[in-house]
Amino acid sequence: AEKNLLLALDNGTQSAKALVFDLSGNLVAKEKVEFKPYFSDEPGWAEQEPDVFWESIGKACRALWEKHGVDRERVAGVAVTTQRGTVVNVNREGKPLRPSILWLDQRKTYDQPPLKEPLRTLFSVARVSDTIEYLRTEAESCWIAANQPEIWNATHKYLLLSGYLTFKLTGEFADSVGAQVGYVPFDYKNLKWYGGRDFRWGLLKQRPEMMPRLVEPAGRIGSVTKAASETTGIPENLPVIAAAADKACEVLGSGAFEIHTGCISYGTTATINVNTKKYITPFALMPAYPSGVPGQHNLEVQIFRGYWMVSWFKEQFGYEERVEAADRGVETETLFEKLVAGVPAGSMGLMLQPYWTPGIKHPGPEGKGAVIGFGDVHTRGHLYRSILEGLAYALREGRERIEKRTKKPINRLIVSGGGSQSKSAMQITADVFGLPAARPHLYETSGLGAAIDCAVGLGFYRDFPSAVAAMTRSGDVFQPIPENARLYDELYREAYYPLYERLRPIYKSIRRITGYPR
């Protein structure tokens with residue numbers, strides 16, 4: 001059989017997917033295995049047994065051959081993309097020593113020993129002491145080293161989830177450069193581990209020998225082992241090609257390859273990204289992340305727990321729709337479309353600022369969400385629409401920050417992630433940005449991005465521009481409605497944009513008085 005199919009393994013927070021693409025970027029077969037996203041032994045913790053990820057991948061792959069009838073002999077190679085920032089400590093045999101700490105985990109490590117001189121003075125003079133403390137407080141490695149020293153001392157390799165799955169597939173402690181997003185001593189500018197004497201090793205507690213070997217996206221990372229073949233049914237010795245983290249693959253799979261194209265993702269974290277050849281940071285001391293293209297970067301602005309707000313709304317206010325959706329066998333969000341349709345643009349003055357999770361820069365550590373302009377005319381329909389509008393405003397602010405940093409206008413939008421399935425969210429995005437908003441030709445953009453890396457790595461295309469041109473295209477395009485765009489522009493500039501700075505002192509007072517968020 002001709003080897004002309006590509007297998008992408010996409011491991012998210014709630015499911016693992018095995019996806020087969022052809023060389024034109026068409027989805028040939030898909031299997032999704034859902035699992036409970038995490039367990040919490042303490043409030044705010046989010047952990048998962050690493051075997052859950054691997055077993056779900058195995059189950060999804062086996063269904064491709066057994067249920068969907070995919071001819072595995074036609075598969076030319078496999079690539080992995082995963083959620084970002086989820087960590088796995090393993091011993092010499094690659095066996096996990098503790099559950100994975102997920103990117104959603106909220107634990108903090110306070111009261112660590114003060115930094116030694118001259119670093120402390122250096123950071124103080126450079127006015128980055130707060131940022132450095134934030135880094136030490138947030139890093140999973142600092143928490144494990146402080147609270148489970150016996151596990152930390154037994155750790156042979158400290159891997160991101162992508163590195164763990166790569167080990168399970170190939171038997172090698174290796175990972176893609178494109179997957180390095182997290183609290184690890186990775187030099188984002190030069191796309192490699194920092195030198196052994198760099199202060200970040202001590203800061204984050206890792207040692208250079210604990211980290212996996214890095215391979216550029218589209219590079220060959222290894223081959224499928226006999227054991228992995230027995231679990232997954234993927235042919236033994238099949239090439240495993242390095243891809244990138246899910247957001248980087250999403251940018252690539254959306255076809256957002258040029259700096260003028262903004263890739264919006266309405267996922268659990270809502271983001272706007274552009275792919276850049278130059279290293280440009282979105283905020284001082286905040287890195288640009290590795291791209292799915294070797295040597296390139298993604299300039300990204302994130303709204304933490306972005307589309308999470310929609311799930312929250314569904315949970316708190318959507319009982320009626322949840323019941324009806326279960327009866328009719330449709331998604332609850334589909335029924336919310338009716339709610340939005342009955343509410344005019346601007347939600348009759350109800351405005352929402354979606355900063356539910358404190359950040360490091362914007363919002364700062366005192367950040368909170370806000371809903372203002374409430375009146376007796378407002379219903380839950382207005383609240384739902386204001387959530388969609390608030391997310392679009394926050395991402396428009398992200399676009400303006402990116403344009404300021406790159407000095408290049410974003411004149412095209414591609415929208416992916418769960419929210420892209422909502423016509424209302426798509427139309428609101430087009431109207432708030434005043435730009436046409438396109439969906440990619442298929443929903444599985446992360447998997448497609450990994451397949452593009454695979455196709456280039458195996459030599460099916462001579463370079464990324466030709467692979468992107470052959471394997472991605474635009475789906476539905478939503479044009480801005482002129483009167484809505486004018487209304488949103490005025491609301492954004494006069495009400496939304498100044499809101500955070502005006503409320504910031506109040507957020508600080510609330511934090512001081514209540515102690516929340518710490």
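**A quick tour, starting from a loop**

Okay, let's start with Met-348, which sits in the loop between α12 (332–341) and β19; helices (H or I, at least four residues) and strands (E, at least two) are DSSP runs, numbered from the N terminus. This is a predicted model, so local features need pLDDT of at least 70 and side-chain atom pairs pLDDT 80 or more, while totals for chains, interfaces and linings use all residues. Residues are numbered from 1 along each chain as its sequence is written, and side-chain values use heavy atoms, leaving out hydrogens and water.

Back to Met-348: its phi is positive, about 50°, although it is not a glycine. Met-348 counts as partly exposed, at 45% relative accessibility (buried is under 20% relative accessible area, exposed over 50%, partly exposed in between, with a 1.4 Å probe and protein chains only). Asp-111 is another non-glycine residue with a positive phi, near 55°. Asp-111 lies in the loop between β7 and α2, and it counts as exposed at 74% relative accessibility. For background, most residues other than glycine have a negative phi, and most peptide bonds are trans.

Now the sheet. What is the strand order in the open sheet of seven strands? Reading across, you get β17-β18-β16-β15-β21-β22-β23, with mixed pairing (strands pair if DSSP finds at least two bridges between them).

Elsewhere, Ser-162 is in helix α6 (residues 161–170). Ser-162 is buried, with a relative accessible area of 4%. Skipping neighbours within four places in sequence, Ser-162 is in contact (heavy atoms within 4.5 Å) with Thr-82, Asp-175 and Ala-179.

Last stop, the rings. How many aromatic pairs does the count come to? It's 21, pairing Phe, Tyr and Trp (its six-membered ring) with centres within 6.5 Å; planes under 30 degrees apart are stacked, over 60 edge-to-face, the rest tilted. Take Tyr-355 and Tyr-500: the centres are 5.5 Å apart and the planes at 85°, so this pair is edge-to-face. Tyr-355 is in the loop between β19 (351–353) and β20 (370–372) and Tyr-500 is in helix α17 (residues 482–514), so the pair ties together parts 145 residues apart in sequence. Both tyrosines, Tyr-355 and Tyr-500, are buried. Ring pairs also link Trp-312, Phe-313, Phe-317, Phe-336 and Tyr-384 into a cluster.

And look at Arg-107: its charged end sits over the ring of Trp-45, 3.8 Å from the centre (the rule is NZ of Lys or CZ of Arg within 6 Å of the ring centre and within 35 degrees of the ring normal). Arg-107 also lies over the face of Trp-143, 4.3 Å from the ring centre.
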